[in-house]
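Let's take a walk through this one together, a stop at a time. Keep the viewer open as you read.

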Amino acid sequence: MLEEKHNIKAWFYLAPALVLLIIFTFYPIFNAFFLVILKDFNYLQGTYQGFTLTENFVHVIRNQNFAQAMINTMLITFVSVPVSVVIALLVSVWLNAIVKLRGTFQTIFFLPYVTNAIAIGMAFAFLFNRDYGLINTAMGWIGLNPVNWVGLGATWRHAMFSLLVYVVWGGMAFKIMVFLSGLQSIDKQYYDAARVDSTKRSRIFRKITVPLLSPMIFYITITSFIGAFKAYTEVIGMFGQRLGPAGNDRALITVVALVYDALDRSGVPGALSEAAAASIILFSITLVFTLINMQVSKKRVHY
Amino acid sequence: MEIKLNNLTKVFQSKKQEETIAVNNLDITIPSGKLIGLLGPSGCGKSTTLYMISGLLKPTAGSIFFGDDDVTTVPPEERGIGLVFQNYALYPHMTVQQNIMFPLENLKVPKEEAIKQAQDIADLVGIGNLMNRKPVQLSGGQQQRVAIARALVKKPRVLLLDEPLSNLDARLRLQTREEIKRIQRETGITTIFVTHDQEEAMSISDEIVLMKEGIAQQKGAPQEVYDVPTNLFVAKFLGTPPINIFDGEIKGGILYVGDADLGKSKLKDQEVVVGIRPEGFKVVEDSSFQAHVEFVETIGRDTTLIIKDPHTDEKRTFRAIVDADEQIKPGDNIKLSVKPHKLFLFDKKTGEVLK
């Protein structure tokens, strides 16, 4: 009896979140799996020509931008995540070690988190501007020629580099915050013990700080991978709807951009199913990498 | 390694610039190869002293010598000390073996050699069969041994222990304190340990240093400090059950507590504080020290009488430990005499012992 009562109460408390999740998360996921098996689904008329298992996926893969989108997404993920995790870790260890101005620096490093991604993207586009950008100016000081990073006709390589810098920087704030709170929860006695035992700083970092922070590092790595696979806002923020530098349109297209591209054509029969197929591909990739991540980290994470 | 503390002082400053003197002009010499207990109530500066010896805290003034070396400004990593923390500070992600080997790896001891040394020291402290466990899989007593093994494995000049037994249950505490004594004897390392438990300090220390409010009150062999306390604080702090305190008066060469005559005294006439150890009473046929027995506790070989104190305060009671052979029942009225060497007189104002 008592158990049952508790159950009803629990469901009652869960209801608000659950209702929203069902409407905006679970139903769309289920719907995507349904849409993807429809052939030539016309969303305006609600008609379709039978069922198919592969056709919609084939449409996505045959898309002229698919290969580029995959390359870009993978590159953004596998470069920006490790780089930003490592830099964030170093920055937070440093922040944790200083006493003076810690609060100030903490605020500075946390600012990107509360700033609109589009706004930051525009600021970065300006930083990388060929003629008045800070990057080229600074390069000029050490005698380097200006580079056309993001301007008209900029190469894929330069544009991608600029985008990666922005993605790394933009993702650091949250990581630093998590690492810093993790560092502050490590018992200071471990460090005292290590000092008494004549441990070198680099060894303290590798053998004590990183292992004791490993649950946070693991959490951040997983969520960052998932976030990076969904990269899209960053590209829009820096390059706008063109998804690339002027004259090199769609050079920085990502998998999520493919979904939106397909949605833009939603009046055309089958386009909606194509969007569903693209998102399921992304979902599968994310799932596989998350599982790999969890497997790899099993032995390295110390709770 | 003899350790010498010269006028060692530590002042902590709060954010509001308020100063707290944790250790005040401490001036003690700790003989080489001995086990020394730093004893005192919490907040007396004993842990602060230990951490200054370790180098983790910097003294405000004074100096620390290890033998002939002045180590006052030497950082902890260069002092060659082993330190066992109150909650052991074992690295939770490492096995027992990795924990014990950690200091050796820092000293670049070859791996084979390090494994062998770690095994030897683990055998010495009795955890040789637990090398592959993680700290969470160990009991408190086992963790404590790992911490000692980790501190000892690099053959430190000095071993420091901060309240090493406080996290253990009563039975384990008895067992482990003897273990510490044994390990210390076998290694011969000068060992300082901090405790607030007088029984613990008395039972295993070669010498104890009793501290109060940052000042060393008395230093010496435990029994000697117990038998010849220099002041009221020391007399009160040592001994279970604690010493009985009475207000007394010397009149015409006789010591009185209330109207009871406790014998002759060579001191001049004055009011004094009288301390009598519970074991300092004898039940006698005739005495002016009369007492009414409230309760009788017989524990093993001792009988403790809880006695109403008729001479100073009606409500207060005091304890007397007498031979279990005495047939005394609650409610009896008895007469007591006092063994002279178990009675101490203290100055009413300063608390210093009067001789």
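The expected span of a helix is 1.5 Å times one less than its number of residues. Keep in mind, too, that this is a predicted model.

Now try that on helix α9 of chain A, residues 201-229. With 29 residues, a straight helix would reach 42 Å at 1.5 Å a residue, but the end C-alpha atoms of α9(A) are only 35 Å apart. Where does α9(A) kink? Look at S214(A): a kink of about 60° lies there, shortly before the proline P215(A).

Next, hop over to chain B and its open sheet. Six strands line up in the order β13-β12-β11-β14-β20-β21, with antiparallel pairing. Because β13 (260-264) and β21 (353-354) of chain B stand at the edges with a single partner strand each, one side of each has no neighbour in the sheet. Further in, β14 (residues 270-276) and β20 (residues 343-347) of chain B run antiparallel and are joined by five bridges. One pairing to pick out is V274(B), whose bridge partner in β20(B) is L345(B).

Finally, zoom out to the domains. Chain B is assigned domain 1 (3-230) and domain 2 (244-354), and their centres, taken over C-alpha atoms, are 39 Å apart. How many residues meet across the two? Four from domain 1 of chain B are in contact with six from domain 2 of chain B. Together these domains bury about 480 Å², 44% of it on carbon and sulfur atoms. On the domain 1 side of chain B, Y226(B), P229(B) and T230(B) supply 86% of the area buried against domain 2, more than any other three residues. As for salt bridges between the two domains of chain B, the count is zero.

How values were computed: Residues numbered from 1 in each chain as written. Chains lettered and ligands numbered in written order. Predicted model: local features only at pLDDT ≥ 70, side-chain atom pairs only at ≥ 80, totals over all residues. Heavy atoms only, no water. Helix = DSSP H or I, 4+ residues; strand = E, 2+ residues; numbered from the N terminus. Bend = angle between axes of the 7 residues up to and from the residue. Pairing = 2+ DSSP bridges. Domains from an automatic or database assignment. Contact = heavy atoms within 4.5 Å. Buried area = accessible area lost by both parts, 1.4 Å probe. Salt bridge = Lys/Arg side-chain N within 4 Å of Asp/Glu carboxyl O.
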